[in-house]
Every structure is written in structure tokens, then in C-alpha cells.
Amino acid sequence: MKATTQVAIIGAGPAGLFLGHLLGLEGIDSIIVENRSREYVEHRVRAGVLEQGTVDLMVQTGVADRLQREGLVHHGIELRFNGVGHRIPLSDLAGGRSITIYGQQEVVKDLIAARLAGGRDIRFEVEDVQLSGIAGKRPSIRFAEAASATTVDCDFIAGCDGFHGIARGAIPDGVLSHYDYDFPFAWLGILAAVAPSANELVYARHERGFALHSLRSPTVSRLYLQVDPGTEVSDWPDDRIWEELRVRLATRDGWVLRDGPVIEKNVAAMRSFVVEPMQFGRLFLAGDAAHIVPATGAKGLNLAVADVYVLARAIAAWYRTGSSTLLDAYSETCLKRVWRAQEFSNYMSAMLHRYPGTDPFRDRLQVARLEAVSTGEEAARALATNYVGLPLP
Ligand code: APR
Ligand code: PHB
């Protein structure tokens, strides 16, 4: 089978779906090909903090009905160390901007629903996606679907297929520079059917390791524990998780962590990764396909959205005017934000986690940094500005 479109998008995560949505609003045709099932991508539990800019974009582009009903707007976060909590008033410090708690898979569900309602092409469970002709003016993708092969000719390909995708690998050897760092720890995350024990997110530093208390709704809590890399979910029965969370999140004034049935459990590596540039010929990489940040800054999803916002505008300008100025600037524009987010996520990670071995000097530095943020206006403002997210370019 042969088909044509303007933009072929690989991957139906937030990056690919948001790109398809923004292009559609510009009257630009696209196809999205995804190797997992719709059911799978709609239920994959990931992060859940939306920056102000991400929320604004969803509102402005008409996909925020449920977000505005169910999303929880937060104006602060808590940093907890030495058994004492310190509130960072994000909105006061960052010009009234806030964050919204709304699960990534809810964003994915809303974007898929909008795409299907608009009658736009999206294929799930495709196999063996391949790219060709990316150095020329008429690239194409090829994929297998229900035992038949389809080739789609297009003007541009967007590689939105995540860290483990295939698009990045289609770029010839020697073009990309890779920057990466694997943190010496991972996160064990749970979703629990229990009302959150705090109204705002709690980032806790403890001698036994970092812990995070987050939430998804008034009846669902999301919690994380720092664990060793290579940890298996089976190493951590539910009771052990709650016990450890209670120790790491404990306060001197007797704060109580409510526990409840664990509905989901997973372990995620903590890594930093960037490729430069984010483009080769007519192939543009966006989101996790081009960069990963450690989850401590809650930036992954928001960076993916910022990338495709820049890309959609650049592609639209190309169709409207024939000028490739914005497309040529895509990588540089995105990478500025990516490296800022990378720096912020590394700053947060280094401040809050326990590193292997005993290092009393590092321990003191961590506490000094936490105190600077908790008691000093300037450091707190920098954290708040980054946390709520820089305005979209
Ligand atoms: N062919 C087609 N689809 C693929 C392929 C492939 N070969 N490889 C991967 N995919 C799909 C994945 O199944 C996934 O649905 O591409 C999608 C990539 O989505 P994400 O991994 O969610 O990445 P992205 O859209 O960039 O979202 C940004 O922010 O919170 C962070 O890491 C988190 O996923 C999040 C990311
Ligand atoms: C989440 O709620 O999943 C979450 C919150 C904050 C983070 C990371 C993840 O920094």
C-alpha cells in the first residue's frame, strides 16, 4: 500500500500526539504510527506535573476540558530535610505561575480522543517502522500493519518515538554528538488507592535516600523511593515500601503517611541524555527521542511539549512562506531549553539523593543547598521559576 501525507510522526506519546494536534490546527496533514496498542499507551503510568506553559497550550488549543475539571492546580511544593518541611511558594515567587497535577497518560488519552474525533490518521500496533530518504526532499516511512506493508511519502518525519525508538538510529553515524550521565540510583514508584497525605508535593532528603510524595487525585497518591539501579519490583513487597516511605518522610512533629492498596509499581532509571543536533535533513527528533532528564525536576513531559510547539510553528511557517529559517533554528531553539532543564534537574537530583558510599562532606553541602533554598529568597525564586517552567519560546 502507498500513501502520502505532509508529516509522518513516529510515536504516540505526548510528543507525537501533541505535534499531530498542533499541525492539525494549522491545516497540516499527518499520520501517527505507534507500535504499542491504544490501550497500552493510555494506561502507561508516567509523570504527572504539567508546567504552566503546557497547561496554557492545552487550553489555547482546545484539549483542556477534562484537564480543567480534574487537574489539581498547585501553588507550592515542600522540601523536607532533617525532619522539617519548608514550603516553597512557587506562585508567589514566579509571577503567579503554577503547576497542575494531571497524569501524563490522561494527556495522552485526551489527545488521542481529539485526534480520532477530528478524523485524523493514527495507527496503533504497527510493526517494523523504517525511515528512508531523510537526506532528500521526499522522505518516507514504511511499516507493517496486519501483515501488509505500507509506505507513506511525506515532506517531513518527526521522530517522537522515545528513548528506545528507532528514529534517532536512522541518522548516519558521526552526525550526532551524545551527552549522557547515568545517576547511581533509580526510582521505585507506586500508585496507591489512598487519599494524599499532603496537599502539595513533598520532596524529602533522608540519610536512607530520597522520597517523594505526589498525588494524582483526591483519592490516589503517587509515591517514589530512591532505590539502587537494577532493583526489581519484586524486591519491594508493599509493606516494605510503606515502611521505608514512613521512615524517609517522617517529620519531627509527627506527620502521618496514610497507606492503602498499591495499584501500580515500577522502577525507573535516572539518567541524563541529550543528542545534538535534534535534526538531520528532513528528520526532526522531539521529546525523549532526543533527550532524557532525571525525573526530580518533573521536566520530561514538558520538554517534549516545548519541542513540538517549536517544531509545529516551524513546519507551519515553511508551508506558509516557503522559508526554512525556523526549521533551521529548531535544534538550537530547543536545545537551549533542554540544557536549562537538564541543569535544573541535575541540581534538584544532586540536592536530594543519597549517593553511594559515605560522604559527610557531600551531606553537608546538600543540607546547605536545601537551607539556601528554604530560607533565601533568591535561591527559592530560581527554583520556583524553573519548576513552574520557563515561558514557551
Ligand atoms: N515505532 C513506533 N512507535 C514507537 C517505536 C517504534 N519503533 N518505538 C517507540 N515507539 C513509541 C512508544 O511506544 C511510545 O508510545 O513512541 C512513543 C514515545 O513516547 P514517550 O516515550 O512517552 O516519549 P515522548 O512522547 O517524547 O514523551 C516525553 O516525558 O515524562 C516523560 O519520559 C516521559 O514519556 C515521557 C516523556
Ligand atoms: C509524579 O507525580 O509522578 C512526579 C512528581 C514530581 C516529580 C516526578 C514525578 O519530580
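# Cavities, a pocket and a helix crossing

About 80 Å³ of space lies in the largest cavity of this predicted model.

**The largest cavity**

- The residues that line the largest cavity are Glu51, Lys299, Leu303, Arg337, Arg340, Ala341, Phe344, Asn386, Gly389 and Leu390.
- Helix H9 gives the most to this lining, with 4 residues.
- Sorted by class, the lining of the largest cavity consists of 4 nonpolar, 2 polar and 4 charged residues.

**The contact of H9 with H11**

- Helix H9, which covers residues 325-352, and helix H11, which covers residues 377-388, have axes that come within 11 Å and cross at roughly 120 degrees.
- An angle of 65 to 115 degrees would count as roughly perpendicular and one over 145 as roughly antiparallel, and H9 and H11 are therefore oblique to each other.
- The crossing in which H9 passes H11 is left-handed.
- On the side of H9 the contact is made by Arg340, Phe344, Tyr347, Met348 and Met351, while H11 takes part through Leu383, Asn386 and Tyr387.
- The residues of this contact comprise 6 nonpolar, 1 polar and 1 charged.
- Arg340, Phe344 and Asn386, which belong to the contact of H9 with H11, are also among the residues that line the largest cavity.

**The second largest pocket**

- The second largest pocket holds about 210 Å³ of space, and its lining is made up of 15 residues, of which Arg208, Gln226, Val227, Asp228 and Arg248 lie nearest the centre.
- At least two residues of this lining come from each of strand E14 (177-192), strand E17 (220-227) and helix H7 (238-249), and the largest share, 3 residues, is that of H7.
- In the lining of the second largest pocket there are 6 nonpolar, 3 polar and 6 charged residues.

**Backbone details**

- Most residues other than glycine have a negative phi, and most peptide bonds are trans.
- The peptide bond that joins Glu276 and Pro277 is cis, with omega at about -10 degrees, and Pro277 has its place in the loop between strand E18 (262-276) and strand E19 (279-280).
- Asp128, a residue other than glycine, has a positive phi near 55 degrees, and Asp128 is found in strand E10, which covers residues 127-132.

Methods. Residues are numbered from 1 along each chain as its sequence is written. Chains are lettered from A and ligands numbered from 1 in the order in which they are written. This is a predicted model: local features need pLDDT of at least 70, side-chain atom pairs count only at pLDDT 80 or more; totals for chains, interfaces and linings use all residues. Side-chain values use heavy atoms; hydrogens and water are left out. On a 1 Å grid over the protein atoms alone, a cavity is a set of points where a 1.4 Å probe fits but cannot get out, and a pocket is an open set with protein on both sides within 12 Å along at least five of seven lines; lining residues have an atom within 4 Å of a point. Grid points are joined across faces, edges and corners, and a volume is the space filled by probe spheres set on the points. Ala, Val, Leu, Ile, Met, Phe, Trp, Tyr, Cys and Pro count as nonpolar, Asp, Glu, Lys and Arg as charged, and the others, Gly among them, as polar. Axes are lines fitted to C-alpha atoms, for helices over the stretch in contact, and angles run from 0 to 180 degrees between N-to-C directions. Angles under 35 degrees count as roughly parallel, over 145 as roughly antiparallel, 65 to 115 as roughly perpendicular and the rest as oblique. A crossing is left-handed if the near helix is turned anticlockwise from the far one by less than a right angle, and right-handed if clockwise. Contact means heavy atoms within 4.5 Å.
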